[in-house]
Each structure stands twice: as structure tokens, then as C-alpha cells.
Amino acid sequence: MSNWLNHHLQAIKLVLFRMRNNALSTFMICLVIAVAMCLPSLFYMVVDNLSKLTDHMQSETEISLFLKQDAGKKTIAEINTVLAKNADIREYHLVTKDQAWKQLQEKSKNNQDISEAINQLGKNPLPDAFFIQAKSADPEALEALKDTLKDIPGVEQAILNADWAKRLAALLSIGKKLIFILAILFAIVLLIIIGNTVRMQILTQQDEIEVSYLIGATSSFIRIPFLYAGAIYGLFGGLLSILIMAGIIQTFNVSIMEISHLYNSDFSLQIFNIGLYLAITSAAVVIGWAGSYIAVSRAISTFRLN
Amino acid sequence: MIRFDNVSKRYPGSDEIFRNVSFRIDAGEFVYLTGQSGAGKSTLLKLIAATEPPTSGTVLIANQNVSKLKPSAIPFLRRRFGLIFQDHKLLYDRNCFENVILPLRINGISEQEAAKRVRAALDKVGLLKKEKAMPITLSGGEQQRLAIARAVVSRPAILLADEPTGNLDAEYAADIMAIFNAFNQVGVTVIMSTHDALGMSSNQNRTLHLNQGQLHETLTNAGSSKQAHPNNNPSAKELFRP
């Protein structure tokens, strides 16, 4: 056990020592990894924040339930009990035709043309209406709720004004798929970059590998320093990409907050997204490890003592 | 300890290097392997160290059939040997101390214990003061002694030396021979290949001579004067204390 630990500690020390000796090229490799990690992560960030924004907006969408003109007090009470029992509804309120009529007159007081037109109507054309907020913000759930409410007896029309939200959600789901593909492509690129870097290192350490084999090193002894090298490249690259991303987000937030203020919102991009940062770093470490594993296994299998 | 039974070896696309070679070497022996360049001395040593498989026949090391060992067991077999090469095979990107410590790292020995053993080995070959020097700054003889220090630092039971004195002048060669004799005195089996008489000391007991693919065994200079014999070398004993 202590042998094993010793061996790993020595390997890490050796790798860090070599990296320090080649600080510039190590930094370059980490920078390549960082940039490659940055692109899909930034894209994810944008889509993630946009979908949070639309969730926020969708939670304010209402279903408007307009009743038939001849609906009496009894019908309203019946519909009221049906709505009260529906578990999908967060809250609702009734606006009677008289209240609506008054509101309309109130609002149009300043506009000469409209108030004249209203006055000419003489009698109230507006129906009684329920305004309903659902618990879920999911467009499909809203649509289903709208359909059930439409079928309640005495209801003339149910309107869900969420078409734009549906379109945006569809666009975002395309965006999410795109991120997935982008992430896979960049993972392949990283695998190749790290694999190639490690392969070059193996070539420069051919003598050491040969001598080690001759004096009884196992393949895992040869392999372990290279695996750590790959993983450490990934780790540094991942951390560097977090720094770059935080810088980019900070730059954007200044202008985003200006726009948000214009819309009376406090929306801004999150700088500290621990989950995302953890995912980036661990993905980079795993890719580094895997890339160097492939490279070193290929080198070992073709290695011959002479 | 080491036994060859009807061992033949040919490299792919070449003639047979040797045919039906049989011999045994017991623990504690000092054996010379002689023959002209290209006679197969290096190949024979490679077969012993399991860096080359025999084409036919069996090679037994400590009662283990080398051809039947799993590949994963070979490294552990190799750790029984201290290997010394004509071209040293030193690593020129690190200093003497780091060169010698490599086998101990492979054996997973703690850094503290390893440092002690490295200094003992360097002391034994007279390079203690050069532990921080880079191998490239050493003379040919010193480089060979450094290679010996690396070979013995893990206290192997068998030393395999492939023409260790081949590139050295007589004085350096005598130094190296004295070191080998000292190790042999404390029980280490030494197998050494050489193509000239210069590298041989006068107190040898057994010689395996390779010629045209055949092995001939001779006893030369048996019972000759023991003057050149370095008597029980205390520091070598120290190094090989169990």
C-alpha cells in the first residue's frame, strides 16, 4: 500500500517537475485545452440563461377563460368549484363583466375616440372572465390545462397567450442539442490534442522507457506518469478555461445589466456556476487521462527492446 | 540458478545465432562469456535477462521457465538481475544520483531508504562525490562505474555485464574488474561477456566460449595466483547485506 502510494506520489512529483521545466509549452497546451473547453461552455451558458429567462416569463403567462354571455351567477359558481378542485392551477381570479366594463371605461378615459366609441355601445359587450395562473410553466402542460378548461360547460373561449414562449422553447431545445454535439466534437479534438502531446513526450523519453523496462519496470510503472501528465494538463486547462469564462461573462454582464435595467429587471449572467465549473474541470481531467491512456497504450504495445 | 537446455535462437530473417546450447550457472559463480563480435554473446545475455525469447529450448531462471512466464511476470524476473551494458544506457537528462535511484523507484522503495542505498552504491564504485554531476561530464570509466552502481543498487542476485570493459583502457578495465570481483566475493553471481583477454582478471574459473553457434566450456587459469583478487571487500558486503 505504501509502495503504491509512494509510486504515485513520485510520478506526480516527476510530472510537475517536468512541467515546470517546460513551463511555456505546458502553458500553451493548457491554453489550447482551455479555449476548446470554453466554446461549448459559453454556448451552454447563453442557452441556459436564456431558458431561465423564458421560464421566468412563462410563469407570468395566464390562461384567460371567457364565459358565455348568458352565463348566470349559478354557472359562475359552478365553474368556480371546478377551478378550485383543479390541482394544476396555482391561483385564479374572477373579473365579472361589470368590473371589466368599468376598467375599460377607466382606462379609456383619456382617449377621446375610444371613450366615445364605448359610450356609443351603450350596453356592456364584455363577458365574465376567469384569469388563471398555472403551477407549471411548461408550454405543453399549459396547453393541456387550457384544453381541459375549454371543455367546462358555460365556457365560451380559453386563450393561452404563450405561442411565442413555445417557439422560443423549441429554439432553445435545438440550441441544447447543438451544445451536446459541439461538446462531443470538442471532446474528440481534446482527446487528439492531449494524446498527441503525450505521444511526443513518450518519444522524447524513449531512452528512459527502454532503461526502465530493462531494469524491471512494469508497464503500469511506465504508464502512470504519462496518465498523470494527461490528467494534469486537463486540470490546468479546465481551471484556465474557468478563468477565461469568468472574464468573458464579466465583460458581457456590464452591458447586459444596462439592458436589464431598461426592462426593469435584475437579470444578469451568473459568474459563479459551481456545477458548470465542476463539470468543465472534471470533463477536462477525464479527457486528459483518456487521451494519454490511448497514446501511452499504443506506444507500449509497439515498444520493443533492442 | 540459470539453466539453458538445447536453446536455439534466430532473429526473424537472419541465420541461427546459436544452436542447441546447454549450460548451467550456479549461484555465486563468476562466469565469462567469450567469443568474437557477432558470435551471439549479447543475445545470450538477452535471453537470460528475458529481453529476448528463445526460438526453441528452455531457459530456466531460478526454476522458472522464461518462455512460459506471463508477460506481467517478466518485470519481476528482471528485477533479480543487475544489467550493465557496453554503451552504459545512462540517462543524460538527470544527474548521477537520479540515474542510480531509478531501479529503487521501480521497486517502490521509500525515498529516504533509497537515498541511503544510492549513496552506498555510489560510494562502492568511488563516485560518491559526483552524485550531483551530470553523466555527460564523467569520463568513460566513470560512466561505466555509474552504470554498475545503478545495476547493483537494488541488490540483485545476478549481475549481467555485456562487455563492460570493451571501450575502456587497461587501467579503467582493471578498476571495473576489481569491483565485479568484490561483488562476486559477497555471493553475487556475475556473468560477463568480453571479446578480449584484456577484460579478464587472472582469477577466473569458468569460461563459456561461443563460436559459430556452438558453446564450448573451458576452465582457464584455474588455481592461478590470487594476487589480483580484492579480498573481502567490506563495503561490498555492506551493500549486499540482506
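Figure 1. B:Ala62 is exposed, because 12 other C-beta atoms lie within 10 Å of its own. The model is predicted: local features need pLDDT of at least 70, side-chain atom pairs count only at pLDDT 80 or more, and totals for chains, interfaces and linings use all residues. Residues are numbered from 1 along each chain as its sequence is written, while chains are lettered from A and ligands numbered from 1 in the order in which they are written. B:Ala62 sits in the loop between E4 and E5 of chain B. Helices (H or I, at least four residues) and strands (E, at least two) are DSSP runs, numbered from the N terminus. Phi of B:Ala62 is positive, near 50°, and B:Ala62 is not a glycine. Most residues other than glycine have a negative phi.

**Figure 2. B:Glu163 in its loop.** B:Glu163 lies in the loop between strand E7 (158-162) and H6 of chain B. Its phi is positive, about 45°, although B:Glu163 is not a glycine. B:Glu163 counts as buried, because it has 22 C-beta neighbours inside 10 Å.

**Figure 3. The open sheet of chain B.** Four strands of chain B form this sheet in the order E2-E1-E4-E5, with antiparallel pairing. Two strands pair if DSSP finds at least two bridges between them. Strand E2 (16-25) and strand E5 (64-65) of chain B are the edges, and each pairs on one side only. Helix H1 (residues 41-48) of chain B packs on the sheet and touches strand E1 (2-10), E2 and E4 of chain B. The direction of H1 makes about 125° with that of E1(B). Axes are lines fitted to C-alpha atoms, for helices over the stretch in contact; angles run from 0 to 180 degrees between N-to-C directions. Two residues are in contact if their C-beta atoms, placed from the backbone, lie within 7 Å.

**Figure 4. Strand partners in the sheet.** Six bridges join E1(B) and E2(B), which are antiparallel. Here B:Arg10 stands opposite B:Glu16 in E2(B). Five residues lie between the strands of this hairpin, where B:Gly13 takes a positive phi near 75°. E1(B) and E4(B) are also antiparallel, with five bridges. B:Phe4 stands opposite B:Val59 in E4(B). Strand E4 (residues 56-61) of chain B meets E5(B) through two bridges, again antiparallel. There, B:Gln64 in E5(B) is the bridge partner of B:Ile61.

**Figure 5. Two nonpolar cores.** The largest nonpolar core has 70 residues. A nonpolar core is a set of buried Ala, Val, Leu, Ile, Met, Phe, Trp, Tyr and Cys residues joined through C-beta atoms within 7 Å. The residues with the most contacts inside the largest core include B:Ile48, B:Leu159 and B:Phe180. Helix H6 (residues 170-185) of chain B gives the most to this core, with seven residues. Apart from this core lies another, of 31 residues, among them A:Ile33, A:Ile194, A:Tyr233 and A:Ile242.

**Figure 6. Around B:Ala149.** B:Ala149 is one of the residues with the most contacts inside the largest core. Leaving out residues up to four places away in sequence, B:Ala149 touches residues including B:Val100, B:Ala121, B:Leu122 and B:Leu127.

**Figure 7. Where chains A and B touch.** 14 residues of chain B are in contact with 15 residues of chain A. Helix H2 (74-78) and helix H3 (96-106) of chain B each supply at least two residues of the chain B side. H3(B) gives the most to that side, with four residues.

**Figure 8. The two domains of chain A.** Domain 1 of chain A spans 2-57 + 166-302, and domain 2 spans 62-161. Domain bounds come from an automatic or database domain assignment. The domain centres, taken over C-alpha atoms, are 54 Å apart. Along the principal axes, the C-alpha atoms of chain A fill a box of roughly 105 × 40 × 30 Å. Chain A has ten helices and four strands.

**Figure 9. A:Lys85 at its helix.** A:Lys85 lies in helix H3 (residues 73-85) of chain A. A:Lys85 is exposed, because 8 other C-beta atoms lie within 10 Å.

Note on methods. Buried ≥ 20, exposed ≤ 12 C-beta atoms within 10 Å, placed from the backbone.
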